[in-house]
Amino acid sequence: MTAIDVRLQFEQAVESFESVDVDCKIAVLWQIYDTLGQAFAAIAPVALFSQAVQQLLGQIQQVDRNDQSAILRDILAGADTRFSQAYQNLNGNMKLAFWHRLFNLMPANRLPLTACQDGSATTKALLARINTMGLNERLHFLRRVVG
(Lines give C-alpha, C1' and ligand atoms only; values in the text may rest on other atoms or scores of the structure.)
Protein backbone atom coordinates (compact mmCIF):
# COMPACT_ATOMS: atom_id res chain seq x y z
CA MET A 1 0.00 0.00 0.00
CA THR A 2 1.39 3.37 -0.94
CA ALA A 3 1.31 6.60 1.05
CA ILE A 4 -1.25 7.95 -1.42
CA ASP A 5 -3.57 4.98 -0.69
CA VAL A 6 -3.25 5.56 3.06
CA ARG A 7 -3.95 9.28 2.66
CA LEU A 8 -6.95 8.54 0.44
CA GLN A 9 -8.34 6.06 2.98
CA PHE A 10 -7.80 8.61 5.75
CA GLU A 11 -9.62 11.32 3.79
CA GLN A 12 -12.43 8.88 3.04
CA ALA A 13 -12.74 8.18 6.78
CA VAL A 14 -13.00 11.91 7.49
CA GLU A 15 -15.62 12.30 4.75
CA SER A 16 -17.56 9.31 6.12
CA PHE A 17 -17.54 10.88 9.58
CA GLU A 18 -18.82 14.14 8.17
CA SER A 19 -21.62 12.35 6.30
CA VAL A 20 -23.14 10.41 9.21
CA ASP A 21 -25.84 11.95 11.38
CA VAL A 22 -24.84 13.83 14.50
CA ASP A 23 -25.82 11.07 16.95
CA CYS A 24 -23.59 8.65 15.07
CA LYS A 25 -20.79 11.22 15.21
CA ILE A 26 -21.12 11.30 18.98
CA ALA A 27 -21.12 7.48 19.09
CA VAL A 28 -18.02 7.29 16.88
CA LEU A 29 -16.18 9.87 18.99
CA TRP A 30 -17.15 8.01 22.16
CA GLN A 31 -15.83 4.73 20.75
CA ILE A 32 -12.54 6.30 19.70
CA TYR A 33 -12.00 7.92 23.08
CA ASP A 34 -13.08 4.72 24.83
CA THR A 35 -10.41 2.75 22.98
CA LEU A 36 -7.75 5.43 23.46
CA GLY A 37 -8.32 5.39 27.20
CA GLN A 38 -5.49 6.83 29.21
CA ALA A 39 -3.19 7.10 26.17
CA PHE A 40 -4.84 10.41 25.41
CA ALA A 41 -4.10 11.84 28.86
CA ALA A 42 -0.37 11.43 28.22
CA ILE A 43 -0.57 13.23 24.87
CA ALA A 44 -2.20 16.53 25.86
CA PRO A 45 -2.01 16.73 29.67
CA VAL A 46 -2.04 20.53 29.88
CA ALA A 47 -5.16 20.83 27.73
CA LEU A 48 -7.00 18.39 30.00
CA PHE A 49 -6.83 20.92 32.82
CA SER A 50 -7.55 23.99 30.73
CA GLN A 51 -9.75 26.47 32.54
CA ALA A 52 -11.73 27.09 29.32
CA VAL A 53 -12.44 23.37 28.92
CA GLN A 54 -13.40 23.02 32.58
CA GLN A 55 -15.68 26.05 32.36
CA LEU A 56 -17.49 24.80 29.25
CA LEU A 57 -17.96 21.34 30.76
CA GLY A 58 -19.24 22.89 33.97
CA GLN A 59 -21.79 24.94 32.06
CA ILE A 60 -22.97 21.86 30.17
CA GLN A 61 -23.29 19.87 33.39
CA GLN A 62 -25.54 22.58 34.87
CA VAL A 63 -28.05 22.14 32.04
CA ASP A 64 -30.91 19.66 32.27
CA ARG A 65 -29.78 16.16 31.32
CA ASN A 66 -32.11 16.03 28.32
CA ASP A 67 -30.67 19.27 26.99
CA GLN A 68 -27.07 18.08 27.30
CA SER A 69 -27.42 15.80 24.28
CA ALA A 70 -28.88 18.67 22.28
CA ILE A 71 -25.88 20.82 23.23
CA LEU A 72 -23.47 18.14 21.98
CA ARG A 73 -25.43 17.86 18.75
CA ASP A 74 -25.30 21.63 18.32
CA ILE A 75 -21.54 21.68 18.92
CA LEU A 76 -20.91 19.01 16.29
CA ALA A 77 -23.35 20.61 13.86
CA GLY A 78 -21.73 24.02 14.33
CA ALA A 79 -25.01 25.63 15.41
CA ASP A 80 -24.91 29.24 16.48
CA THR A 81 -25.32 28.78 20.24
CA ARG A 82 -23.30 30.05 23.20
CA PHE A 83 -22.01 26.52 23.83
CA SER A 84 -20.93 26.06 20.22
CA GLN A 85 -19.24 29.46 20.22
CA ALA A 86 -17.37 28.64 23.44
CA TYR A 87 -16.30 25.33 21.87
CA GLN A 88 -15.13 27.03 18.66
CA ASN A 89 -12.97 29.37 20.75
CA LEU A 90 -10.98 26.41 22.08
CA ASN A 91 -7.72 25.49 20.33
CA GLY A 92 -7.26 22.05 18.75
CA ASN A 93 -5.78 20.35 21.82
CA MET A 94 -8.45 21.84 24.03
CA LYS A 95 -11.17 20.50 21.72
CA LEU A 96 -9.63 17.04 22.00
CA ALA A 97 -9.46 17.46 25.78
CA PHE A 98 -13.08 18.64 25.88
CA TRP A 99 -14.34 15.37 24.36
CA HIS A 100 -11.97 13.28 26.46
CA ARG A 101 -13.12 14.93 29.70
CA LEU A 102 -16.76 14.90 28.60
CA PHE A 103 -16.74 11.18 27.92
CA ASN A 104 -15.05 10.55 31.27
CA LEU A 105 -17.54 12.74 33.15
CA MET A 106 -20.73 11.76 31.38
CA PRO A 107 -21.78 8.11 31.56
CA ALA A 108 -22.50 6.48 28.23
CA ASN A 109 -26.17 6.00 29.15
CA ARG A 110 -26.60 9.81 29.13
CA LEU A 111 -25.21 10.15 25.61
CA PRO A 112 -27.34 9.79 22.48
CA LEU A 113 -25.60 6.56 21.49
CA THR A 114 -28.67 4.37 21.15
CA ALA A 115 -29.90 6.25 18.09
CA CYS A 116 -26.84 4.96 16.28
CA GLN A 117 -26.44 1.59 17.96
CA ASP A 118 -27.40 -0.48 14.93
CA GLY A 119 -25.56 1.94 12.70
CA SER A 120 -25.68 2.40 9.00
CA ALA A 121 -23.32 0.69 6.59
CA THR A 122 -21.37 3.95 6.44
CA THR A 123 -20.97 4.07 10.22
CA LYS A 124 -19.94 0.40 10.39
CA ALA A 125 -17.36 0.88 7.63
CA LEU A 126 -16.08 4.02 9.35
CA LEU A 127 -15.65 2.22 12.68
CA ALA A 128 -13.93 -0.68 10.93
CA ARG A 129 -11.51 1.78 9.29
CA ILE A 130 -10.86 3.57 12.58
CA ASN A 131 -10.12 0.24 14.25
CA THR A 132 -7.27 -0.29 11.78
CA MET A 133 -5.70 3.08 12.62
CA GLY A 134 -2.72 3.35 14.89
CA LEU A 135 -2.60 5.78 17.80
CA ASN A 136 -1.09 8.67 15.82
CA GLU A 137 -3.52 8.26 12.94
CA ARG A 138 -6.48 8.17 15.35
CA LEU A 139 -5.28 11.36 16.99
CA HIS A 140 -4.85 13.02 13.60
CA PHE A 141 -8.36 11.85 12.68
CA LEU A 142 -9.76 13.30 15.92
CA ARG A 143 -8.01 16.60 15.32
CA ARG A 144 -9.63 16.83 11.89
CA VAL A 145 -13.16 15.91 12.90
CA VAL A 146 -13.48 17.85 16.17
CA GLY A 147 -11.81 20.98 14.83
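Phenylalanine 141 is buried in this predicted model. Its relative accessible area is 0%. Phe141 is also among the residues with the most contacts inside the largest nonpolar core. That core has 37 residues. Eight helices are listed as giving two or more residues to the core, including H1 (3-19), H8 (92-105) and H10 (135-146). The largest share, six residues, comes from H2. In soluble globular proteins, nonpolar side chains tend to be buried together.

Aromatic pairing was examined next. A pair of aromatic rings is described by the distance of the centres and the angle of the planes. The count comes to seven aromatic pairs. One of them joins phenylalanine 17 and phenylalanine 141. The geometry is edge-to-face, with 5.9 Å between centres and 85° between the planes. Phe17 lies in helix H1 and Phe141 in helix H10, so the pair ties together parts that are 124 residues apart in sequence. Phe17 is buried, with a relative accessible area of 2%.

Another pair is formed by tryptophan 99 and phenylalanine 103. Here the rings are tilted, 5.7 Å centre to centre, with 35° between the planes. Both residues lie in helix H8. They are four residues apart, about one turn of the helix. Trp99 has a relative accessible area of 0% and is buried. Phe103 is buried as well, at 9%. Trp99 and Phe103 belong to one aromatic cluster with Tyr33, Tyr87 and Phe98.

Contacts of Trp99 were then listed, not counting residues up to four places away in sequence. Trp99 touches Leu29, Tyr33, Leu72, Ile75, Leu76, Tyr87 and Val146.

The relative accessibility of Ile71 is 7%; the cut-off for buried is under 20%, so Ile71 counts as buried. Leaving aside neighbours within four places in sequence, Ile71 is in contact with Ile60, Val63 and Phe83. Ile71 and Phe83 are twelve residues apart in sequence. Their C-alpha atoms are 6.9 Å apart in space.

Methods: Residues numbered from 1 in each chain as written. Predicted model: local features only at pLDDT ≥ 70, side-chain atom pairs only at ≥ 80, totals over all residues. Heavy atoms only, no water. Core = buried A, V, L, I, M, F, W, Y, C linked by side-chain atoms within 4.5 Å. Buried < 20%, exposed > 50% of the residue type's maximum accessible area, 1.4 Å probe, protein only. Contact = heavy atoms within 4.5 Å. Phe/Tyr/Trp six-rings, centres within 6.5 Å; stacked < 30°, edge-to-face > 60°.
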